[in-house]
Amino acid sequence: RMINIKPDANDHLSDADLANIRHYVVASDHWETSKVSDMDTELIRKIIRMIAFQAALDQAGQEQLQEVMITRVKKFANKIAEFHSLCPLDKSQILSHNIPMVVLLSTSSMFPTNMLWTTQLTPILGAGGGGQAQHKAADSQCDRTGQSADDLPTVFQLKNF
């Protein structure tokens, strides 16, 4: 899939810069329609319950989701050539210390309270996965997917990270 990332505001980027950005976007799996293939079925059910019934994501679910996200970021890092040019100590530092902090940062920016849950969950579930969650919630006859996040429970308690 060709990614057009050179609007007029980015005229200062060279073709090499644009090629690097395209490579990073593709490596990130950003365009994956469904991102639930690496998620445990029980975690997906918990997320659906969270949306449909205003249930809190329990400690085990928070830990599972955090692990899924950390695994995804590590997979992305391993697709980047520059990562492989680092010494083993630096790679270890990035994988074991930096990535969990990046996951925390990205998670906190993923959930602005003025955004609908189906939109917020797209980075985690994928566009297709978010739609599936919406359909499951609607089937439960307790559909709250049209609500914004400030109407629903917080996904993560930051003290757990």
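Modeller: This is a predicted model. The largest pocket holds about 820 Å³ of space. Its lining counts 31 residues, and those closest to the pocket centre are S28, D29, K35, R72 and P123.

Now the helices. Three of them, α3 (59–78), α5 (88–110) and α7 (122–139), each give at least two residues to the lining of the largest pocket. The top contributor is α3, with seven lining residues.

D29 is among the residues closest to the centre of the largest pocket, and D29 follows α1 with a positive phi, near 60 degrees. Helix α1 itself covers residues 15–27, 13 residues in all. From first C-alpha to last, α1 reaches 18 Å, close to the 18 Å expected at 1.5 Å a residue.

Next, the chain around the pocket. Its secondary structure is seven helices and zero strands. Along the sequence the pattern reads α-α-α-α-α-α-α. Among contacts between residues at least 6 apart in sequence, 70% join residues at least 24 apart. Of the 161 residues in the chain, 31% are buried. The chain exposes about 9600 Å², with 55% of that area supplied by carbon and sulfur atoms.

Terms used
Residues are numbered from 1 along each chain as its sequence is written. This is a predicted model: local features need pLDDT of at least 70, side-chain atom pairs count only at pLDDT 80 or more; totals for chains, interfaces and linings use all residues. Side-chain values use heavy atoms; hydrogens and water are left out. Helices (H or I, at least four residues) and strands (E, at least two) are DSSP runs, numbered from the N terminus. The expected span of a helix is 1.5 Å times one less than its number of residues. Buried means under 20% relative accessible area, exposed over 50%, partly exposed in between (1.4 Å probe, protein chains only). Contact means heavy atoms within 4.5 Å. Accessible areas come from the Shrake-Rupley method with a 1.4 Å probe; for residues, only the protein chains shown count as cover. On a 1 Å grid over the protein atoms alone, a cavity is a set of points where a 1.4 Å probe fits but cannot get out, and a pocket is an open set with protein on both sides within 12 Å along at least five of seven lines; lining residues have an atom within 4 Å of a point. Grid points are joined across faces, edges and corners, and a volume is the space filled by probe spheres set on the points.
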